[in-house]
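Dear colleague,

I am handing over the structure we spoke about, with the sequence alongside it. Please open both before reading on, as the notes below follow them closely.

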Amino acid sequence: MKATANGPVVVTRNAKPVAVLLSVKDRDEIERMAMSRSKKLRKILQKSRAQIKKGKGIPHEQFWREIEQMRKG
């Protein structure tokens with residue numbers, strides 16, 4: 001949409017803002033935006049950060065090895 005090329009477009013109803021239109025570059029950007037609004041995902045991330053802070057996390061490499069094993073298995 002040409003209107004969003006210069007930045008967000010605010011949509012109004014009765015002179016009050018009700019929505020914002022944003023331009024996106026690709027499907028990944030749409031997914032990131034949707035995920036950023038997910039209360040469930042934010043709760044999971046908060047729990048994960050707390051576990052890491054307590055020393056209960058796993059190394060980055062181990063995480064990705066386990067993900068790859070889950071994909072194969």
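Is I30 buried, partly exposed or exposed? I30 is partly exposed because its relative accessible area is 46%, where buried means under 20% relative accessible area, exposed means over 50% and partly exposed lies in between, with a 1.4 Å probe and protein chains only.

Before the rest, a word on the source. This is a predicted model, in which local features need pLDDT of at least 70 and side-chain atom pairs count only at pLDDT 80 or more, while totals for chains, interfaces and linings use all residues. Residues are numbered from 1 along each chain as its sequence is written, and side-chain values use heavy atoms, with hydrogens and water left out.

I30 sits in helix α1, residues 27-36 (helices are DSSP runs of H or I with at least four residues, strands are runs of E with at least two, and both are numbered from the N terminus). Together with V10, V20, L22, V24 and M33, I30 makes a nonpolar surface patch of about 480 Å². Patches are made of residues with over 30% relative accessible area and no salt bridge, like charges being joined within 9 Å and nonpolar side chains (Val, Leu, Ile, Met, Phe, Trp, Tyr) within 5 Å; a salt bridge is a side-chain nitrogen of Lys or Arg within 4 Å of a carboxyl oxygen of Asp or Glu. The accessible areas come from the Shrake-Rupley method with a 1.4 Å probe, and for residues only the protein chains shown count as cover.

Turning to the strands, β1 (residues 9-13) and β2 (residues 16-21) pair in the antiparallel sense over 5 bridges, pairing being counted if DSSP finds at least two bridges between two strands. T12 stands opposite P17 in β2, and the two strands form a hairpin with 2 residues between them. In the loop between β1 and β2 lies N14, which has a positive phi of about 55° although it is not a glycine, and which counts as exposed at 69% relative accessibility. A15 is placed in the loop between β1 and β2; its phi is near 65°, a positive value in a residue other than glycine, and A15 is exposed, with a relative accessible area of 72%.

Helix α2 covers residues 39-53, and its 15 residues reach 21 Å from the first C-alpha to the last, close to the 21 Å expected, the expected span being 1.5 Å times one less than the number of residues. The count of buried residues in α2 is 0. K47 lies in α2 and counts as exposed at 56% relative accessibility; its C-alpha is separated by 32 Å from that of V18, 29 residues apart along the chain. After α2 comes G55, whose phi is positive, near 80°.

Helix α3 (residues 60-72) has 13 residues that should span 18 Å, and its end C-alpha atoms are 19 Å apart, which agrees. The count of buried residues in α3 is 0.

Finally, a search of the whole structure finds 1 aromatic pair. The pair is formed by F63 and W64, edge-to-face, at 4.9 Å centre to centre and 85° between the planes (rings of Phe, Tyr and Trp, the last by its six-membered ring, pair if their centres lie within 6.5 Å, and planes under 30 degrees apart count as stacked, over 60 as edge-to-face and the rest as tilted). F63 counts as partly exposed at 36% relative accessibility, and W64 counts as partly exposed at 45%.
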